[in-house]
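Subject: Structure handover

Hello,

Here is the structure I said I would pass on.

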Amino acid sequence: MPLVNSKEMFEHAYKDGYAIGAFNCNNMEIVQAIVDAAKECNSPVILQVSAGARKYAKPAYLKKLVEAAVEDTGLPIVLHLDHGADFEICKDCIDNGFTSVMIDCSSKPFEENIAETRRVVEYAHAHVPYVTVEAELGTLAGVEDDVKVEFGKSSYTRPEDVEEFVKRTGCDSLAIAIGTSHGAYKFKPEQCTRDPETGILLPPPLRFDILDEVSKRLPGFPIVLHGSSSVNQEYVKIINDHGGKLVDAVGVPEQQLRRAAGLAVCKINIDSDLRLAMTAGIRQHFEEHPDHFDPRQYVGDGRAYVKQLVAHKIRDVVGSADVLDPVTKEFK
Ligand SMILES: [Zn+2]
């Protein structure tokens, strides 16, 4: 099966109450870890590439890696541009085989966001085959590659804006801000409460009231959550036990994401958690085997940790395990 766009995936996900994991990738081992986990779980998957990943690995390499993943697994895989800043980068990706793009003009005024999104949608939908477009309303706090928003500058999505925005842009899915945040330090300690037993920071809960209101206004329409790493403490502990120093890193609790996946949320973006798993595997390897110097040994351990993490996300968080027939790789 060739690369696919996100249309059919989201229809199934919406109807059956799960989401598709959208995992960021920027090298071969991360791509392999993600798709090997997806294959083991009989799950479709979205591989997404940010501007930073394009800079790091070069678009041609990333494209070929993802094509190799399709060939190797036979799974339905979307190659998605994460946070396209303008029409030009979206067009470049569409022209080079991406099957889905995000145009992120969420920091621009409403009318500008509509105009630029509309421009991308017209180009993407005229493309053969049809390329799906994700847009964003509302602003997430945090840091993700080139996207940086200070905590005070973030804003929740206004449900009263979503119908007009979707109608006028024609976008295929919409990322909204309900309290998720980019990066491994999603919330300041003063925004959180501290679990008295474990000492772990607990962030403010997601705004499910906004999600409910948005989905009432856009029945059946796929919603996207960015910044949805949970900063699993087992990986933070491995990192810190092996020479790392991550203090008060905090994410979105997985139960809240699971709940969102059962509602209108059809795509959940996870990046920082993969970085943490890779770092945990490599740090542990270095400390346990100070004589090793073959990158296949330590990067291989990192890859194994990322695979384990992605399998957990697919089974327990986004809930897309076993939605594909293991033989034909079609939706059941
Ligand atoms: Zn994002």
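The notes below go through the barrel, the helix packing and a few backbone details.

Please keep in mind that this is a predicted model.

The barrel

The sheet is a closed barrel of eight strands with parallel pairing, in the order β1-β2-β3-β4-β5-β8-β12-β13. Direction ignored, neighbouring strands in this sheet are turned by 25 degrees against each other on average. On the sheet sits helix α6, which touches β4 (100-103) and β5 (132-137). The direction of α6 makes about 165 degrees with that of β4.

Strand β13 (residues 265-270) pairs with β1 (residues 20-24) through four bridges, and the two run parallel. Within that pairing, F23 has I270 of β13 as its bridge partner. Strand β12 (residues 223-225) also runs parallel to β13 and is joined to it by three bridges. Here V224 is the residue whose bridge partner in β13 is K267. How many of the six residues of β13 are buried? The count is six of the six, so β13 is largely enclosed by the rest of the structure. For reading the strands residue by residue, recall that side chains in a regular strand alternate between the two faces of the sheet.

Helix packing

I give an angle and a distance for each pair, since two packed helices are described by the angle between their axes and the distance between the axes.

Helix α5 (residues 87-95) packs against α6 at about 15 degrees, and their axes are 10 Å apart. That angle is under the 35 degrees used as the limit, and α5 and α6 are therefore roughly parallel to each other. The crossing of α5 with α6 is right-handed. On the α5 side the residues are F87, C90, K91 and I94, and they meet E116, R119, V120, Y123 and A124 of α6. By class, this contact has six nonpolar and three charged residues, with no polar ones.

Helix α6 (residues 110-126) also packs with α7 (residues 159-169), at an angle of about 35 degrees and with the axes 9 Å apart. The crossing of α6 and α7 is right-handed. From α6 the contact takes F110, I114, T117, R118 and V121, and from α7 it takes D161, F165, R168 and T169. The contact of α6 with α7 divides into four nonpolar, two polar and three charged residues.

α11 passes α12 in a right-handed crossing. The α11 side of the contact consists of D273, L274, A277, M278, A280, G281, I282, Q284, H285 and F286. Facing these in α12 are Q297, Y298, V299, D301, G302, A304, Y305, V306 and L309. The contact of α11 with α12 holds twelve nonpolar, five polar and two charged residues.

Backbone details

The peptide bond between V128 and P129 is cis, with omega at about -5 degrees. P129 lies in the loop between α6 and β5.

Two residues other than glycine are worth checking for phi. N42 has a positive phi of about 50 degrees, and is found in the loop between α2 (28-40) and β2 (45-49). Is N42 buried or partly exposed? It has 18 other C-beta atoms within 10 Å, so N42 is partly exposed. D322 has a positive phi near 60 degrees, and its place is in the segment after α12 (295-318). D322 counts as partly exposed because it has 13 C-beta neighbours inside 10 Å.

One residue pair

E160 is in helix α7. With 10 other C-beta atoms within 10 Å, E160 is exposed. E160 and E213 are 53 residues apart in sequence, while their C-alpha atoms are 8.6 Å apart in space.

Regards

Definitions and conventions:
Residues numbered from 1 in each chain as written. Predicted model: local features only at pLDDT ≥ 70, side-chain atom pairs only at ≥ 80, totals over all residues. Axes fitted to C-alpha atoms, helices over the stretch in contact; angles between N-to-C directions. Left-handed = near helix turned anticlockwise from the far one by under 90°. Contact = placed C-beta atoms within 7 Å. Nonpolar A, V, L, I, M, F, W, Y, C, P; charged D, E, K, R; others polar. Pairing = 2+ DSSP bridges. Parallel < 35°, antiparallel > 145°, perpendicular 65-115°, else oblique. Buried ≥ 20, exposed ≤ 12 C-beta atoms within 10 Å, placed from the backbone.
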